[in-house]
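Trainee: Mind if we go through this one together? I'd like to start with the ligand and then look at the backbone.

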Amino acid sequence: MARKNQTLGEFIIENQSEFQYSSGELSRLINSIRLAAKMVNHEVNKAGLVDITGSAGEINTQGEDQQKLDVLANDTFIRTLTNREIVCGIASEENDDFITIEGHKENHSNKYVVLMDPLDGSSNIDVNVSVGTIFSIYRRVTPVGTPVQLEDFLQPGNLQVAAGYIVYGTSTMLVYTTGHGVNGFTLNPALGTYYLSHPNMKFSEDGNIYSVNEGNYNHFPQGVKDYIKYCQQDEDDRPYTSRYIGSLVSDIHRNMIKGGIYMYPQSAKSPNGKLRLLYECNPMAFIAEQAGGTASDGHTRIMI
Ligand code: AHG
Ligand code: MN
Ligand code: MN
């Protein structure tokens, strides 16, 4: 039973039995993520003080300019998950290929792979706006003890065993689900401990926020244009309020708490939309559904 203000460590131990294949491995994995998140949080908070903002001078696999903090967050998560040898593979938005973790232990039996967007909203870092981390966890489909394969990562979203995000905002929060609702933990930076501040998170039913980059309006499909006009009409509880941060994690987090819809339709630059299925859409869809919301690609449910 989740108790407000219990620590994340206590919560993980108490809820371990909820995991389908409980062996403590998934708990250890979440534990590593919370540790890496603390380290990234520390770095993010130093932005502006030391030379960690701006471009790293590389273009990542998505064709985007890598920021120094993208690289730093990516390295931190990979290092933490690799050192503790609790996953068998990692795929990151910032890496061209997936990483195989062989482990030092002979016949290591790690069952999980992690997919992540180590720093989401990184174009906002220079202007002191909240950024985040998104993660998605699957049970491998290839035999345990062998090197991971692409098919371990390319699984449908509805096979995720856990997903979550960290928002490095006015306070730092870790929000995650293992398919039994969504819980949010806030970091007390003085103690380095996360406390359950938002138990059993549910989208507010009477939300009135829509979030979309309206600069791309001319390229939206007609249905989306019509919907935006609907949001703006003077009728009933409308017009709705427009809020767009440009950090998916922060936009979704705000909508979870206040209620609302987030959209990233096609644009001139991204004719198929910009958000990445494995690193952004699947984990956010899992969280949204577990919080009583829905997630669609405009035609069908994302979690298939
Ligand atoms: P990332 O920083 O990981 O590349 O992701 C950025 C994404 C997402 O966070 C955000 O919702 C979206 O890009 C914003 O895109 P626009 O600036 O095109 O609106
Ligand atoms: Mn992102
Ligand atoms: Mn990113």
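Trainee: How far is an oxygen atom of ligand 1 from an N or O atom in the side chain of Tyr262?

Mentor: Keep in mind that this is a predicted model. Tyr262 is listed with Asp120, Gly121, Tyr244 and Tyr264 as the residues that come nearest to ligand 1. Pairs of N or O atoms count as polar contacts within 3.5 Å. For the Tyr262 side chain and the ligand oxygen, the distance is 2.6 Å.

Trainee: Which strand gives the largest share of the shell around ligand 1?

Mentor: There are 17 residues around the ligand. By class, they split into five nonpolar, five polar and seven charged. Domain 1 (8–198) and domain 2 (209–273) each supply at least three of the shell residues. The largest share, three residues, spans part of residues 112–120, and that strand is E5.

Trainee: Now the backbone. Which residue is joined to Arg238 by a cis peptide bond?

Mentor: Look in the loop between helix H5 (222–232) and strand E12 (241–242), where you'll find a proline. Omega of the bond is about 5°. The partner of Arg238 is Pro239.

Trainee: And what is the phi of Asn128 near?

Mentor: Asn128 sits in the loop between E5 and strand E6 (131–139). Its phi is positive, and the residue is not a glycine. The value is near 65°.

Conventions:
Residues are numbered from 1 along each chain as its sequence is written. Chains are lettered from A and ligands numbered from 1 in the order in which they are written. This is a predicted model: local features need pLDDT of at least 70, side-chain atom pairs count only at pLDDT 80 or more; totals for chains, interfaces and linings use all residues. Side-chain values use heavy atoms; hydrogens and water are left out. A residue is near a molecule or strand if one of its heavy atoms lies within 4 Å of it. A polar contact is a pair of N or O atoms within 3.5 Å; within protein, one must be able to donate a hydrogen and the other to accept it, and residues adjacent in sequence count only if both atoms are side-chain atoms. Helices (H or I, at least four residues) and strands (E, at least two) are DSSP runs, numbered from the N terminus. Ala, Val, Leu, Ile, Met, Phe, Trp, Tyr, Cys and Pro count as nonpolar, Asp, Glu, Lys and Arg as charged, and the others, Gly among them, as polar. Domain bounds come from an automatic or database domain assignment.
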